Amino acid sequence: MKIVLQRVSRASVEVENNIAGSIKKGYVVLIGFGENDNKSKVEKMVDKIQKLRIFPDENGKTNLSIGDVGGDLLIISQFTLYADCKKNRPSFSNAANPELAEELYDYFIEYSDGKFNKISCGIFGAAMKLELVNEGPFTVILED
């Protein structure tokens, strides 16, 4: 599993000219699944995101979690995180097959429910347009 996590002041995702999801302060979670990922790894990653302290406190130190600031999640499936770009045309052979990826994406959303202020999502497999304001900018990569 690979995640690009971006701290944002707001974000939205559009599918076919309609807003599929939007959040205010929180994280955009771009998530890709590999062929060896499973529900246990999903739980571990969601718990990590919940505990990660990358919001500034009153002194400007990155010391607060998403729960401390009442932040939201915008979860977007992104198999392209598994792109192997050794050649000019990316290969995605290390990405999970679509059935497994969709199952794990749905479980990521289900397991996250109730752990964050608000959860919003893109649509698995859809062509999406993502708009966000990255605070900091602050972006981290999480892998399992």
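A residue counts as exposed when its relative accessible area is over 50%. Lys44 is exposed by that cut-off, because its relative accessibility is 56%. The model described here is predicted.

**Salt bridges**

- The structure has four salt bridges, and a network of them links Asp37, Lys41, Lys44 and Asp144.
- Asp37 is bridged to Lys41, with 3.9 Å between the closest N and O atoms.
- Asp37 counts as buried at 7% relative accessibility, whereas Lys41 is partly exposed at 22%.
- Lys41 also forms a salt bridge with Asp144, at 3.9 Å from N to O. This pair links distant parts of the chain, with Lys41 in helix 1 (residues 39-51) and Asp144 in the segment after strand 8, 103 residues apart.
- Asp144 is partly exposed, with a relative accessibility of 33%.
- Asp144 and Lys44 meet in a salt bridge of 3.3 Å, N to O. Because Lys44 lies in helix 1 and Asp144 in the segment after strand 8, the pair ties together parts that are 100 residues apart in sequence.

**Aromatic pairs**

- There are four aromatic pairs in the structure.
- One of them joins Phe79 and Phe92 edge-to-face, with 4.9 Å centre to centre and 65° between the planes. Phe79 and Phe92 both lie in the loop between strand 6 and helix 2, so the pair ties together parts that are 13 residues apart in sequence.
- Phe92 is partly exposed, at 30% relative accessible area.
- The pair of Tyr105 and Phe124 is tilted, because the planes stand at 45°, with the ring centres 5.8 Å apart. Tyr105 is in helix 2 and Phe124 in the loop between strand 7 (119-121) and strand 8 (129-143), 19 residues apart.
- Tyr105 is buried, with a relative accessible area of 2%, while Phe124 is partly exposed at 25%.

**Charges over rings**

- Lys39 lies over the face of Tyr107, 5.0 Å from the ring centre.
- The charged end of Lys115 sits over the ring of Tyr111, 4.4 Å from its centre.

**Largest pocket**

- The largest pocket holds about 360 Å³ of space.
- Its lining consists of 19 residues, and Ser77, Gln78, Phe79, Gly125 and Met128 lie nearest its centre.
- Strand 3 (26-32), strand 6 (72-77) and helix 2 (98-112) are the elements that give two or more residues to this lining.
- By type, the lining has 14 nonpolar residues, five polar and no charged.

Methods. Residues numbered from 1 in each chain as written. Predicted model: local features only at pLDDT ≥ 70, side-chain atom pairs only at ≥ 80, totals over all residues. Heavy atoms only, no water. 1 Å grid on protein atoms, 1.4 Å probe; cavity = no way out; pocket = protein on both sides within 12 Å on 5 of 7 lines; lining within 4 Å. Points joined across faces, edges and corners; volume = space filled by probe spheres on them. Helix = DSSP H or I, 4+ residues; strand = E, 2+ residues; numbered from the N terminus. Nonpolar A, V, L, I, M, F, W, Y, C, P; charged D, E, K, R; others polar. Phe/Tyr/Trp six-rings, centres within 6.5 Å; stacked < 30°, edge-to-face > 60°. Buried < 20%, exposed > 50% of the residue type's maximum accessible area, 1.4 Å probe, protein only. Lys NZ or Arg CZ within 6 Å of the ring centre and 35° of its normal. Salt bridge = Lys/Arg side-chain N within 4 Å of Asp/Glu carboxyl O.
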